[in-house]
Amino acid sequence: MAARSVGWLTYVPRCAQGRGPVRRPIYRLFRCAGTVAADLRSEERLPGSVEPDSPDKILQKRFSEVQKERREQAQRTVLINCPNKISEKKFLKYISQHGPINSHFFYESFGLHAVVEFCQKESVASLQDAVCTPKLGTEPAIPFRSRFFNLKWKNPLNPTSEQPDVQCSNQLPPTSKKLFQLLCRAESIDDQLNTLLKEFQITEENAKLRHLTCSLIEDIAAAYLPYCTVRPFGSSVNSFGKLGCDLDMFLDLDETRRLSPGKISGNFQMEFQVKSVPSERIATQKILSVIGECLDHFGPGCVGVQKILNARCPLVRFSQQASGFQCDLTSNNRIALKSSELLYIYGTLDSRVRALVFSIRCWARVHSLTSSIPGAWITNFSLTMMVIFFLQRRSPPLLPTLDYLKTLADEGDQCVIEGHNCTFTSDLNRIRPTENTETLELLLMEFFEYFGNFAFNKNSINIRQGREQNKPESSPLHIQNPFETSLNISKNVNQSQLQKFVDLARESAWILQQEDRAGPSAASHQPWGLAALLLPSVSHSKSLAKKKRKKPASERIRNLLDCIKSNRAEGPVDSSGERTTRTQA
Ligand code: GTP
Ligand code: MG
């Protein structure tokens, strides 16, 4: 376990080396499990990873501990819309009149915003007591006491004698051009995958902003439903989120329901008078409908509120303009929260998992295998399950099965939700580190090889057992829901989307194999390795060609190789034939 937090010089077997000696010395710094997090600056580390210099560096925090800390931190935090020309020093001096500040940062989203975390919760109340409701001229304002403020100059004509000096934290992934340049400058394919991870992963500031947004929404919901909590789930917290991903929120009413009868002696028991409804689903729909109205009418910064109550999982969708997040608020969705914890465990166990998942998600997006619009596409969630399954199938396995994680569970981990057993260990430190030392390059190539040849027609993907099983139904792609085991999380995927995935996986495996044989390209600014796989032009021109001419696969692959070779020599070409250095994420 100790080895998981350090990089060390090790022998890499020939089979795992991949490319030629220019980028691949036989002896090199081998990045093992957990090292990416340790390499990153503190503000870039994955939530839950330990301080690199701490004496107990092998201890990893539980998901619930990380979430509890984040929630408590968010409750001490405020969001302030600031005038553009502001001096950081003066701003902090003004705000700290309400108490000491633990941390702060600025960012841009429809104007300059500051996130200020106080050391104590009382400081927030002090600030709120000193704030007034604006007079909006002819437009009447709905008074609402939130933690989202506007800061204005008392005298806008003479704002400050000091120079504005605010540095803004970045909340967005790199541009395609920048990513492409970084990938081409990398030392190896492993380095490319780690670079992509580092550039795309949610930063410390972005994580804080996500938790603060949930906390602000909770304040609004709590006006109607005291004791409710709003928790983030999905990729915002499961370690696989990229900058710019949506913010999935869960309105948790368990605390309201659990309010136990007071311990008063006597023969009686008191209950709240409540209204009853025909089903849990209807209760969820009614609650979300009311909260949707509240967000629409009273939620500062909440715009474009849509109530999507007839979906399988009813939700309220809206944008939080001030944070820039597209938000999906659900309720009664506890299994999804448990899935997030499970993915967090898999993502935190070994840094190669996240690096691989990020690259494959990016690859899928570039080639339009995934989409932000619902439809017959593979989802990021399904892709992550496929990567986890693939890593469970390595020899030795890189990841344990869910059944194994269940055997490590203790009393406190026992969990049954709506009759489904969702038990697994929450303690990462109980899980033995893998003996698998395969490079990311090898894993990437083998992933494409594995799924390019997977018997999707008869087999199901199952991370609970970590082995292929007969498909229980005829959907083209069957990925067993890890907790509701009778469900298929990829039921929406049709045969043509699956075939597209298979074709692209085969082509990508083939490209990596050819690169391996050809050795590294001479000019590092030309697309190679992962960058070559992320060229949209290749897939677009290929799919157009496929539609028009239905060429045999061998010819398509030959063309693809020619295209990459010519791209190396002259720069990439997009589908319109123009030179471009565009990649997408
Ligand atoms: P992004 O694409 O980065 O947003 O990834 P995501 O994991 O957040 O996916 P999404 O926003 O679509 O869904 C949020 C969470 O809902 C996922 O992480 C899962 O926990 C859960 N989820 C999504 N799709 C399914 C599904 O088809 N079945 C089940 N059981 N859960 C799902
Ligand atoms: Mg999401």
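Predicted model: local features only at pLDDT ≥ 70, side-chain atom pairs only at ≥ 80, totals over all residues.
The chain has 18 helices and 15 strands, and buried residues account for 51% of its 585 residues. Take the contacts between residues at least 6 apart in sequence: 68% of them join residues at least 24 apart.

**The open sheet**
- Five strands line up as S7-S8-S11-S10-S9 in an open sheet with mixed pairing.
- The edges belong to strand S7 (229–233) and strand S9 (302–308); each has a single partner strand, so one side of each goes without a neighbour in the sheet.
- On average, neighbouring strands here are turned by 25° against each other, direction ignored.
- Inside that order, S8 (residues 247–252) and S11 (residues 325–331) pair in the parallel sense over 5 bridges.
- Helix H10 (residues 334–349) lies across S7 and S8, and runs at about 45° to S7.

**The magnesium site**
- Which residues coordinate the magnesium ion (ligand 2)? Asp246 and Asp248 do, each through OD, at 2.1 Å.
- Are these two buried or exposed? Asp246 is partly exposed, at a relative accessible area of 28%, while Asp248 is buried because its 14% falls under the 20% cut-off.

Conventions:
Residues numbered from 1 in each chain as written. Chains lettered and ligands numbered in written order. Heavy atoms only, no water. Pairing = 2+ DSSP bridges. Helix = DSSP H or I, 4+ residues; strand = E, 2+ residues; numbered from the N terminus. Axes fitted to C-alpha atoms, helices over the stretch in contact; angles between N-to-C directions. Contact = heavy atoms within 4.5 Å. Donors = N, O, S within 2.8 Å, 3.2 Å for Na, K, Ca; no water. Buried < 20%, exposed > 50% of the residue type's maximum accessible area, 1.4 Å probe, protein only.
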